[in-house]
Amino acid sequence: MHTKKNKMIVVQCWDDAPTNDRQLTEIFRKYSAKATFNLNPAKYTAKSRPMGWRHKDTEVCLLGWDDMKEVYADFTIANHTFDHAWLDQISPEQVYQEIFEGRERLRQFFQQPIAGFVYPFGMYPPEAIKVITEIGHVYGRTTGKGKYGRSADSEKFTWPIANPAVFHPTCHFRDEKFWELYEKSREVGVFYFWGHSYEIISKEMWQQFESVIARISADESATWSEVYELFTPSC
Ligand SMILES: [Zn+2]
């Protein structure tokens, strides 16, 4: 686990592979921003398809396998379980299968190591923590605002985190304190935000989001990194 001394490391990740990830990755390429995408291989078909629900009156669609190699070229893929399981509601055997199978399918399809893990619905029961560590994931991201980041009971920031298998991001990309937390995170050297691209539903929101990425890329005292690199030996 490491940080670069002189610059704050900024990492981001995005869940579930909605079709808006295409536009998202175009923005990231434009500003040379790194990002990790957390996928559930059981959810996808060859072509993109509706997820069967709406986010604020906008239908949510998932990318298809046929799109993914192009959309995610040059980005990092992480495991979000095989079928977006409620890990707190299934047997230990099913927990293992969900985590193991998710990683295997993604590794085979994308032909890249799958180092990261993200808990569906933010649920991280002890059995899941154990399995992700055992099978070699280097971190497990929650949806919490935890010990590192904005704590529910404290504004104290710490790095390194106590347990990489319970990795609380700093904030969601739409957090109203996003920039305040960004500035505060300079104290610890790491800022980590996450989201779903289907939450960006208007032209104004896309412009606003692009300005966020542009501002981070223009920050000479910050640098983009891959999430997994936080947990690999310093070079
Ligand atoms: Zn998800």
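This note goes through the predicted model point by point, from the overall fold to single residues.

1. Basis. The model is predicted, so local features are reported only at pLDDT of at least 70 and side-chain atom pairs only at pLDDT 80 or more, while totals for chains, interfaces and linings use all residues. Residue numbers start from 1 along each chain as its sequence is written.

2. Overall form. The protein has six helices and ten strands; helices (H or I, at least four residues) and strands (E, at least two) are DSSP runs numbered from the N terminus. Its radius of gyration is 17 Å, close to the 18 Å that the globule rule gives for 235 residues, so the protein is as compact as a globular protein of that length. The radius is taken over C-alpha atoms, and the rule is 2.2 Å times the number of residues to the power 0.38. The C-alpha trace spans about 40 × 40 × 35 Å along its principal axes.

3. Of the 235 residues, 37% count as buried. A residue is buried if 20 or more other C-beta atoms lie within 10 Å of its own, exposed if 12 or fewer, and partly exposed in between, with C-beta atoms placed from the backbone. Among contacts with a separation of 6 or more, 63% join residues 24 or more positions apart; a contact means C-beta atoms, placed from the backbone, within 7 Å.

4. Core. The largest nonpolar core has 50 residues, and those with the most contacts inside it are Cys13, Phe37, Ile77, Ala128 and Phe191. Strand β1 (residues 8-15) supplies the largest share, six residues. Such a core is a set of buried Ala, Val, Leu, Ile, Met, Phe, Trp, Tyr and Cys residues joined through C-beta atoms within 7 Å. In soluble globular proteins, nonpolar side chains tend to be buried together. Leaving out residues up to four places away in sequence, Ile77 touches Phe37, Leu39, Tyr72, Leu106, Phe110, Gln112 and Ile114.

5. β1 and β2 run parallel and are joined by three bridges, with Trp14 opposite Phe37 in β2. Right-handed here means that, with the strands pointing away from the viewer, the path from the first strand over the helix to the second runs clockwise. β2 also pairs with β5 (residues 76-79) in the parallel sense over four bridges, and Thr36 stands opposite Thr76 in β5. Two strands pair if DSSP finds at least two bridges between them. Strand β2 (residues 36-39) is covered on both faces: Thr36 and Asn38 are buried on one side, Phe37 and Leu39 on the other.

6. β9 (residues 190-195) has five of its six residues buried. It pairs with β1 in the parallel sense over six bridges, and Gly195 in β9 is the bridge partner of Trp14. Strand β8 (residues 171-172) pairs with β9, also in the parallel sense, over two bridges, and His172 stands opposite Trp194. β8, helix α5 (residues 178-184) and β9 form a right-handed β-α-β unit.

7. Helix α4. In α4 (residues 126-134), Ala128, Val131 and Ile132 are buried. Seen down the helix axis, the buried residues fall within an arc of 95 degrees, so they line one face of α4; the arc is that of the directions from the axis to the C-beta atoms. The cover over these residues includes α3, β6 (116-118) and β7 (139-141). Exposed Pro126 and Glu134 sit on the face turned away from the buried side. Gly136, which follows α4, has a positive phi near 100 degrees.

8. Loop residues with positive phi. Two residues other than glycine deserve a look. Lys56, in the loop between β3 (49-55) and β4 (58-62), has a positive phi of about 50 degrees. Lys56 is exposed, with 9 other C-beta atoms within 10 Å. Asp74, in the loop between α2 (65-71) and β5, has a positive phi near 75 degrees. Asp74 counts as exposed with 9 C-beta neighbours inside 10 Å.

9. Asp83. This residue lies in the loop between β5 and α3 (92-110). Asp83 counts as partly exposed, with 15 C-beta neighbours inside 10 Å. Apart from neighbours within four places in sequence, Asp83 is in contact with Asn40, Ala42, Lys43 and Glu98.

Conventions:
Two residues are in contact if their C-beta atoms, placed from the backbone, lie within 7 Å.
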